[in-house]
Amino acid sequence: QVQLVESGGGLVQPGGSLRLSCAASGSGFNINTMGWYRQAAGKQRELVATITSGGYANYADSMKGRFTISRDNAKNTVYLQMNSLKPDDTAVYYCNAFGYYSGHNYRTYWGQGTQVTVSS
């Protein structure tokens with residue numbers, strides 16, 4: 001079983017920055033892609049950004065230029081640096097990990113989410 005633990009959320013003023021972290025624990029799981037998604041109240045969960053083990057990053061269009069995803073493979077940790085935050089960025093941010101156990105199909109694990117609130 002893989003556990004994903006997010007941290008770094010909180011309350012920030014518009015224009016401010018936050019850095020989210022997500023650490024994956026659990027043995028035997030080969031992680032391919034890690035990513036961040038978010039879900040605002042009353043809306044569907046949406047992609048923020050993903051990053052492969054090789055460092056290839058993919059962003060939702062509305063996050064490009066403001067958010068940066070990075071990853072430390074040795075620590076099985078993914079980060080999300082969020083700058084120039086807007087009230088519309090207010091949401092619960094979820095981390096996920098996509099990978100496989102040897103001899104088994106790929107699967108996805110999710111973290112419990114961390115609240116980000118952008119408000120003055």
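A disulfide is a pair of cysteine sulfur atoms within 2.5 Å. This structure holds one. The model is predicted: local features need pLDDT of at least 70, side-chain atom pairs count only at pLDDT 80 or more, and totals for chains, interfaces and linings use all residues. Residues are numbered from 1 along each chain as its sequence is written, and side-chain values use heavy atoms, with hydrogens and water left out.

**Disulfide**
- Cys22 is joined to Cys95, S to S 2.0 Å.
- The torsion about their S-S bond is about -75°, so the disulfide is left-handed.
- Cys22 lies in strand β3 (residues 18-25) and Cys95 in strand β9 (residues 91-101), so the pair ties together parts 73 residues apart in sequence.
- Strands here are DSSP runs (E, at least two residues), numbered from the N terminus.
- Both cysteines, Cys22 and Cys95, are buried, meaning under 20% relative accessible area with a 1.4 Å probe, protein chains only.

**Sheet**
- Four strands form an open sheet in the order β1-β3-β8-β7, with antiparallel pairing.
- β1 (3-7) and β7 (67-72) stand at the edges with a single partner strand each, so one side of each is left without a neighbour in the sheet.
- Strands pair if DSSP finds at least two bridges between them.
- Six bridges join β7 to β8 (residues 77-82).
- Asp72 stands opposite Thr77 in β8.

**Charges over rings**
- A charge sits over a ring if NZ of Lys or CZ of Arg is within 6 Å of the ring centre and within 35 degrees of the ring normal.
- Arg19 has its charged end over the ring of Tyr79, 4.1 Å from the centre.
- Arg45 has its charged end over the ring of Trp110, 4.6 Å from the centre.

Notes
Buried means under 20% relative accessible area, exposed over 50%, partly exposed in between (1.4 Å probe, protein chains only).
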